[in-house]
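This briefing is for a reader who is meeting the structure below for the first time. Please look at the sequence and the model, then read the points by topic.

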Amino acid sequence: MTSIPPVLDPADPRPHVAAALGDWLALQHALALHPERAAPLVRRTGCPRAALRAWGQATPLSEAQRAAWIASLRRIGAVALPLLSPAYPVALSHLADPAPLLWVRGQLEALAGPCVAVVGARAATAYGRQVAAQMAFALARAGVVVVSGLAAGIDAAAHRAALDAGGRTVAVQACGPERVYPAVHRELAARIERSGALVSEFAPGTPPRRHHFPLRNRLISGLSSMVVVVEARLRSGSLITARLAGDQGREVFAVPGPITSPTSAGTHWLLRHGAGVADGPDSVLEELRAMGRIPAAPPVLGPAPVREAGTRGRILLALRDEPGTRDELANRLGCSPQDLSLDLLELEMEGRIAEGRDGCLSAIA
């Protein structure tokens, strides 16, 4: 009997690997939305083809479709981790509803942890983005993998800060592995892929749908030993992630915020219902050390790399050294405020810088 490698690579030309990959794709196509049904079938039968037969409602997947998907996956460099593989993330394998198949783009070792999820509102405030970045930066510098969902707002701020710290971050997506959602985060996704990982449990070509996001959220919390909710409205995906984390036996922490802010209502609800208080990176790191997830002494890392080039990089470096108004910043960089306006606007929209009430700009993380 020919053995199947623990990681199925679409670029592997061996026929038995392509055949196994096709079987797993067929299972994923049929049951990706029902992992609670797929996982027991896979565990009982031991292979995807038998699992589909046992289910009895297999959705046909043509050879042409399989070939097209495998070619697409080969182009993007994604590899597959089947549920039965020893390479499958241990934290996810213990869930009641693990994904039958995971697509990973990037560094597989990023999935080994220790991992902490940093999640929150898409329409985040400057305060929320700054706190998320501070949390993620400190976690990454302590050797923790920061997990989030690549969404706008808190997610993006956390991913970027972890990368800026020279650490690892994992983005779990609610769409096919060849897509980036939202599309504006393509550059961020490329950075994540170089030193972290992009993860999807959906077949190629799957668009992001509303009902995909709770499934994504269970993987975000499932990968992590702790979930930190930075900002959230009372009806939000972040509170779903927190609920899932509790169901999975993960620790949940929430960041206090202004009582007048709608994006703090969700975190304050969590705090009233037993979540730990994340009043700064130190409180989260102390809890992780108490849990034995990280050593008492953080790893010695080199200086955080500068990831930006050109005018944007100069702006970020200047604001990290000292916050300032637009005029002060322009004077320091030897140009006019008009010369910086477009770069400043882009950096603000990306959550890289924030403007305070006094008109001073500061770099986030």
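Arg-243 and Asp-247 form a salt bridge, with their closest N and O atoms 3.6 Å apart; a salt bridge is a side-chain nitrogen of Lys or Arg within 4 Å of a carboxyl oxygen of Asp or Glu. The model is predicted: local features need pLDDT of at least 70 and side-chain atom pairs pLDDT 80 or more, while totals for chains, interfaces and linings use all residues. Residues are numbered from 1 along each chain as its sequence is written, and side-chain values use heavy atoms, leaving out hydrogens and water.

**The pair in helix H10**
- Both Arg-243 and Asp-247 lie in helix H10, four residues apart, about one turn of the helix.
- Helices are DSSP runs of H or I with at least four residues, strands are E runs of at least two, and both are numbered from the N terminus.
- Arg-243 is partly exposed at 49% relative accessible area, and Asp-247 is exposed at 59%.
- Buried means under 20% relative accessible area, exposed over 50%, and partly exposed in between (1.4 Å probe, protein chains only).

**Other salt bridges**
- The structure holds 13 salt bridges.
- Arg-352 and Asp-164 form one of N to O distance 3.1 Å.
- Arg-352 lies in the loop between helix H15 and strand S10 and Asp-164 in helix H7, so the pair ties together parts 188 residues apart in sequence.
- Arg-352 counts as buried at 3% relative accessibility, and Asp-164 counts as buried at 5%.
- Asp-23, Arg-49 and Arg-66 are linked in a network of salt bridges.

**Helix H1**
- Because 12 of its 17 residues are buried, H1 is largely enclosed by the rest of the structure.
- Its buried residues include Asp-23 and Trp-24.
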